[in-house]
Amino acid sequence: MNKKAITAIAAVLALPMAASAGPDDDTLVVNEEIEMVTKTAAPAHIADVIDEVMSGWHFRKDETQALQMDDFENPAMIFVDQAIDTWNTVEGSEGKSCASCHDDAEDSMVGVRAVYPKWNEAAGEVRTLNMQINDCRENQMGAEKWKYSGGKMAAMEALISVQSRGMPVNVATDGPAQSTWEQGKEMYYTRTGQLELSCANCHEDNYGNMIRADHLSQGQINGFPVYRLKNTKLNTAHARFKGCIRDTRAETYKPGSADFVALELYVASRGNGLSVEAPSVRN
């Protein structure tokens with residue numbers, strides 16, 4: 001093992017003793033009218049390890065928090081506006097747009113984001129919102145699929161998500177989706193990579209601590225897609241998963257893969273009860 005890897009491992013092993021900077025108690029209200037539930041009792045399936053689930057918004061600086069509180073200040077809303085144009089644009093061999101089947105997103109997409117990922121009976125699989133978008137493009141519009149974590153996909157995911165802001169995340173984990181959920185849970189707790197870290201090591205065991213000058217949150221995804229100040233664009237949950245696994249010095253998975261679909265289902269379920277915030281703003 002090289003010196004750089006040893007140094008990184010040593011830094012992570014020291015994490016529990018790192019400086020603590022716990023979440024604040026501020027209240028998130030968007031546009032002075034949509035009050036978000038950003039802290040609530042943990043859902044039953046994780047109540048044995050965490051008492052309270054909380055939004056990543058609480059772990060950001062005041063300046064970053066403020067950007068999300070006003071749509072005129074939120075840089076993610078630029079991409080939502082772009083997606084509105086796309087929603088109404090005819091594409092593909094069937095001569096359809098999204099609006100051809102769903103009319104206005106403001107009416108037809110209310111509540112959709114809150115229940116994804118979810119089991120799709122016809123397809124016999126758990127589907128993420130992004131998977132469903134591409135299914136509509138391919139099979140209803142006769143259009144080409146979008147790149148799973150690409151800019152157009154992230155923008156459309158944001159447009160659909162914003163219609164559910166303030167609604168509680170309510171992802172089903174039972175029934176035919178349970179085996180996929182169990183797969184995601186196993187991934188969440190499995191140590192991986194040269195650093196031998198799991199998702200839980202950072203986001204369950206050490207949230208509130210500082211690592212590499214950043215503030216570890218619980219890793220909730222109720223705010224995805226997220227506008228990150230770091231790369232000045234919208235980021236999907238799978239893109240964030242890919243980056244996290246890469247940071248453990250492990251071979252990562254492809255966005256849209258069955259592994260990441262399972263992980264998204266499990267991680268989303270850990271935030272059941274929190275409000276949909278997307279598109280949110282983070283570092």
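Tutor: A pocket is an open set of points on a 1 Å grid over the protein atoms alone, with protein on both sides within 12 Å along at least five of seven lines; its lining residues have an atom within 4 Å of a point. A volume is the space filled by probe spheres set on the points, which are joined across faces, edges and corners. This is a predicted model, where local features need pLDDT of at least 70, side-chain atom pairs count only at pLDDT 80 or more, and totals for chains, interfaces and linings use all residues. Residues are numbered from 1 along each chain as its sequence is written, and side-chain values use heavy atoms, leaving out hydrogens and water.

Student: Thanks! What volume does the second largest pocket have?

Tutor: Its 18 lining residues include H102, M109, Q132, I133 and C136, the closest to the centre. By class, the lining has 12 nonpolar (Ala, Val, Leu, Ile, Met, Phe, Trp, Tyr, Cys, Pro), two charged (Asp, Glu, Lys, Arg) and four polar residues (the others, Gly among them). The volume of the second largest pocket is about 330 Å³.

Student: Which helix gives the most to the lining of that second largest pocket?

Tutor: Helices are DSSP runs of H or I with at least four residues, strands are E runs of at least two, and both are numbered from the N terminus. Helix 4 (98-102), helix 6 (129-141) and helix 7 each give two or more residues to this lining. With seven residues, the one that gives the most is helix 6.

Student: How are helix 3 and helix 7 oriented to each other?

Tutor: Axes are lines fitted to C-alpha atoms over the stretch in contact, with angles from 0 to 180 degrees between N-to-C directions. Helix 3 (residues 77-87) and helix 7 (residues 151-162) have axes that come within 8 Å and cross at roughly 95°. The residues of their contact (heavy atoms within 4.5 Å) are 12 nonpolar, one polar and no charged. Angles of 65 to 115 degrees have a name of their own (under 35 is roughly parallel, over 145 roughly antiparallel, the rest oblique), and therefore this pair is roughly perpendicular.

Student: At what angle do the axes of helix 8 and helix 11 cross?

Tutor: Among the residues that meet here are W181, K185 and Y188 in helix 8, and D259, L263 and R270 in helix 11. By class, this contact has 10 nonpolar, four polar and three charged residues. The axes of helix 8 (residues 178-189) and helix 11 (residues 258-270) come within 7 Å and cross at roughly 85°.

Student: What is the relative accessible area of E32?

Tutor: E32 lies in the loop between strand 1 (29-30) and strand 2 (34-35). The C-alpha atoms of E32 and D174 are separated by 36 Å. E32 is exposed, and its relative accessible area is 79%.

Technical notes: On a 1 Å grid over the protein atoms alone, a cavity is a set of points where a 1.4 Å probe fits but cannot get out, and a pocket is an open set with protein on both sides within 12 Å along at least five of seven lines; lining residues have an atom within 4 Å of a point. Buried means under 20% relative accessible area, exposed over 50%, partly exposed in between (1.4 Å probe, protein chains only).
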